[in-house]
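Please keep the sequence and the structure at hand while reading.

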Amino acid sequence: MMSRSLLSHFLVLSNASSPRLHASTSSVTGKKEPYFNSHRFRSRNLGGIESISPLRCNCSVSAPESEVSEPSSTPITKKRVVSGVQPTGSVHLGNYLGAIRNWVSLQNTYETFFFIVDLHAITLPYDAPQLSKATRSTAALYLACGVDTSKASVFVQSHVRAHVELMWLLSSATPLGWLNKMIQFKEKSRKAGDENVGVALLTYPVLMASDILLYQSDLVPVGEDQKQHLELTRELAERVNYLYGGRKWKKMGGKGGALFKVPEALIPPTGARVMSLTDGLSKMSKSAPSDQSRINLLDPKDVIANKIKRCKTDSFPGLELDNPGRPECNNLLSIYQLVTGKTKEEVALECQDMNWGTFKTVLTDALIEHLHPIQVRYDEITSDPVYLDNVLSEGARKAADIADTTLRNVYQAMGFLRR
């Protein structure tokens, strides 16, 4: 979410109901310090970041027995999750299995906001005429994959102006040193060269923080490559709460307390990390130069068959899962497990005596069967542009209602004249 999927970009964990005291180490600042975690506003040394305690999503959450057996007159407030995917390149199997498919489960348990992060799509050179087309296509794929607009809000990031406004306010509180330490910025700027790198590539983690904090998010689904950005988001929330929240905000006419919730990481289920078809050690990516490295959700049957036929394998006899010396074998079997819904044990038993030729045929058939309903539904959605426009408009309206409230509070706490 928010591919540099932002969410494969964003978060959702509940805070502890009682305070806890522990030591933490920041991957941004590298300092260790005690951290007092409670629902109340905290004043502390802002040099460090609390290490993230991941909440693993098993995508089947049931209510505790006490909630079922003892009715309460107080309505239960759902935790809030936000996530998104960039509309650059084609949405591929990794985006789907690693993020979007999990959203379909999350929307049944949480209050969810899933958006197309088009503002993040311009941090590197991009095809301007294709941006709006790709944005609509990505939104249609969200719906085709099972995101239900009666349960989740679906919208385009740039359609809610508060994202950019809050980013600017947060930028004033973000030390440059924090951004310079972002691993993705170092890697991408090294490849592109300083003369070809825009400032947006350096500051996009601040926009990501804005995406999350605007909605007072409890949890954000994140992969390994986004953990550091989430830590920066958490630290920014704490920093702004310290600088402008609490009694300071109350003196400005506000309600006092924390301006932002401090979000937590929601880690995808084990096995949802899909690797490249040409390199079992590299994540399947939109930015990979070869389209052969990925299965796009809209690939025709013959293209899927050709990509699986040509994908990288090894020369060992038999097929097996969880052998670190056979990354391609593990990746292809994991994909088969995920698209068929079988257990690891079932897949291991079924495939252990297969050769690669036989298994590739089985995997191809499973992929085509799994993706066919998504492709059919996508065609239906895109054939009715008015429907899609209405979905995005309604989603943006719901999102703006929440985002604008947060933004007004921050403007007030930071001393701006009321509009």
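## Basis

Helices, of type H or I with at least four residues, and strands, of type E with at least two, are DSSP runs numbered from the N terminus. The model discussed here is predicted.

Strand β7 spans residues 152–156, and because five of its five residues are buried, the strand is largely enclosed by the rest of the structure. In a regular strand, side chains alternate between the two faces of the sheet.

Strand β6 (residues 111–116) runs parallel to β7 and is joined to it by five bridges, with T112 standing opposite A152.

## Aromatic contacts

Eight aromatic pairs are found in the structure. One of them is stacked, formed by F113 and Y215 with 5.4 Å from centre to centre and 20 degrees between the planes; this pair links distant parts of the chain, since F113 belongs to strand β6 whereas Y215 sits in the loop between α7 and β8, 102 residues apart. Both F113 and Y215 are buried.

Y215 also pairs with F155, in a tilted arrangement with 6.1 Å between the centres and 55 degrees between the planes. Here the link is from strand β7, which holds F155, to the loop between α7 and β8, which holds Y215, over 60 residues. Ring pairs join F113, F115, F155 and Y215 into a cluster.

## Positive phi angles

Most residues other than glycine have a negative phi. Q216, which is not a glycine, has a positive phi of about 50 degrees and lies in the loop between α7 (199–213) and β8 (219–221). Because buried means under 20% relative accessible area, Q216 counts as buried at 18% relative accessibility.

D322 is likewise not a glycine and has a positive phi of about 65 degrees; this residue is found in the loop between α10 and α11 (327–340).

## The largest cavity

The largest cavity holds about 40 Å³ of space, and its lining consists of D299, P300, K301, I304, I368, L371, H372 and Q375. The elements giving two or more residues to this lining are α10 (301–310) and α13 (356–382), of which α13 gives the most, with four residues. By class, the lining has four nonpolar, two polar and two charged residues.

Definitions and conventions. Residues numbered from 1 in each chain as written. Predicted model: local features only at pLDDT ≥ 70, side-chain atom pairs only at ≥ 80, totals over all residues. Heavy atoms only, no water. Buried < 20%, exposed > 50% of the residue type's maximum accessible area, 1.4 Å probe, protein only. Pairing = 2+ DSSP bridges. 1 Å grid on protein atoms, 1.4 Å probe; cavity = no way out; pocket = protein on both sides within 12 Å on 5 of 7 lines; lining within 4 Å. Points joined across faces, edges and corners; volume = space filled by probe spheres on them. Nonpolar A, V, L, I, M, F, W, Y, C, P; charged D, E, K, R; others polar. Phe/Tyr/Trp six-rings, centres within 6.5 Å; stacked < 30°, edge-to-face > 60°.
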